[in-house]
Amino acid sequence: MANKDTFTPTEWDQLRQAPFMAGLVIVAASPSGPIGLLKESAAAGRMVMEEIRNHSSELMKALAADLGQSMHAVRMESKDPAEIRRLSLEACRRAAAIAAEKASAEEVSQFKAWLNALARKVAEAAKEGGFLGFGGTLVSEQEEAALQDLAAALS
């Protein structure tokens with residue numbers, strides 16, 4: 001069973017950043033304005049905290065405990081949504097590869113499923129295209145495409 005000691009500090013940081021990067025994939029796909037951004041960020045934080053309570057595999061327990069102690073935002077140098085999305089997808093791809101090298105197949109599967117579920121929660125957190133909270137869609141076409149891109153990056 002994999003835990004924090006299984007990974008180098010750099011690898012562990014990449015695993016810790018993965019949930020935030022998965023959220024950024026969605027945020028960058030279809031920016032929702034300041035209120036939507038807050039809703040989407042809160043959804044990502046809630047999903048991390050839910051994992052702390054669920055305690056599935058050793059890897060997920062270790063990640064959840066570590067994230068619960070020190071959640072921090074990831075800083076992106078670019079302001080371009082397409083570049084942020086590309087960099088976030090690449091970070092998720094690297095994190096999945098790192099997990100696959102050192103964790104069990106079951107742990108890797110749970111990790112990937114967690115990232116996909118987190119991204120889905122972020123996509124569903126704020127309606128897209130409405131006016132003053134009316135109308136719009138729960139998940140925009142751009143967000144759906146981003147969810148598919150994330151799933152492909154993690155497979």
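These notebook entries record what I looked up in the predicted model of this protein.

**Entry 1: ground rules**

I number residues from 1 along each chain as its sequence is written, and I use heavy atoms for side-chain values, with hydrogens and water left out. Since the model is predicted, local features need pLDDT of at least 70 and side-chain atom pairs count only at pLDDT 80 or more, while totals for chains, interfaces and linings use all residues.

**Entry 2: the overall build**

I looked up the secondary structure and found six helices and zero strands. Helices (H or I, at least four residues) and strands (E, at least two) are DSSP runs, numbered from the N terminus. Read from the N terminus on, the elements run α-α-α-α-α-α.

I then looked up burial. Buried means under 20% relative accessible area, exposed means over 50%, and partly exposed lies in between, with a 1.4 Å probe and protein chains only. Of the 155 residues in the protein, 43% are buried.

For contacts, I required heavy atoms within 4.5 Å. Among contacts between residues at least 6 apart in sequence, 77% join residues at least 24 apart.

**Entry 3: the nonpolar core**

Which residues have the most contacts inside the largest nonpolar core? I noted Leu 15, Ile 26, Leu 59, Leu 63 and Phe 111, in a core of 39 residues. Such a core is a set of buried Ala, Val, Leu, Ile, Met, Phe, Trp, Tyr and Cys residues joined through side-chain atoms within 4.5 Å. At least two residues of this core come from each of H1, H3 (58–69), H4 (81–102), H5 (105–124) and H6. H1 gives the most, with ten residues. I set beside this a general remark: in soluble globular proteins, nonpolar side chains tend to be buried together.

I examined Leu 59 on its own. Not counting residues up to four places away in sequence, Leu 59 touches Ala 2, Phe 7, Trp 12, Leu 15, Ala 103, Glu 107 and Phe 111.

Two packed helices are described by the angle between their axes and the distance between the axes. Axes are lines fitted to C-alpha atoms, for helices over the stretch in contact, and angles run from 0 to 180 degrees between N-to-C directions. Angles under 35 degrees count as roughly parallel, over 145 as roughly antiparallel, 65 to 115 as roughly perpendicular and the rest as oblique.

The axes of H1 (residues 9–29) and H6 (residues 141–154) come within 8 Å and cross at roughly 150°. H1 and H6 are therefore roughly antiparallel. From H1, Ala 22, Val 25, Ile 26 and Ala 29 meet Gln 142, Glu 143, Ala 146, Leu 147 and Leu 150 of H6. This contact has seven nonpolar, one polar and one charged residues. Here Ala, Val, Leu, Ile, Met, Phe, Trp, Tyr, Cys and Pro count as nonpolar, Asp, Glu, Lys and Arg as charged, and the others, Gly among them, as polar.

**Entry 4: H4 against H6**

Next I took H4 and H6, which pack at an angle of about 30° with their axes 8 Å apart. That angle makes H4 roughly parallel to H6. In H4, the residues Arg 85, Leu 89, Cys 92, Arg 93 and Ala 96 meet H6 residues including Ala 145, Asp 149 and Ala 153. By class, I recorded eight nonpolar, one polar and three charged residues in this contact.

**Entry 5: H5 against H6**

H5 and H6 pack at about 170°, and their axes are 10 Å apart. These two helices are therefore roughly antiparallel. Among the H5 residues that meet H6 are Lys 112, Leu 115 and Asn 116. The contact divides into seven nonpolar, one polar and four charged residues.

**Entry 6: three single residues**

Leaving aside neighbours within four places in sequence, I found Leu 115 in contact with Ala 18, Pro 19, Ala 22, Leu 150 and Leu 154.

Val 27 lies in H1 and, at 16% relative accessibility, counts as buried. Val 27 and Arg 85 are 58 residues apart in sequence, yet 8.2 Å apart in space, C-alpha to C-alpha.

Ala 42 is in H2 (residues 33–54) and counts as partly exposed, at 35% relative accessibility. From Ala 42 to Lys 121, I noted 79 residues in sequence and 9.8 Å in space, C-alpha to C-alpha.
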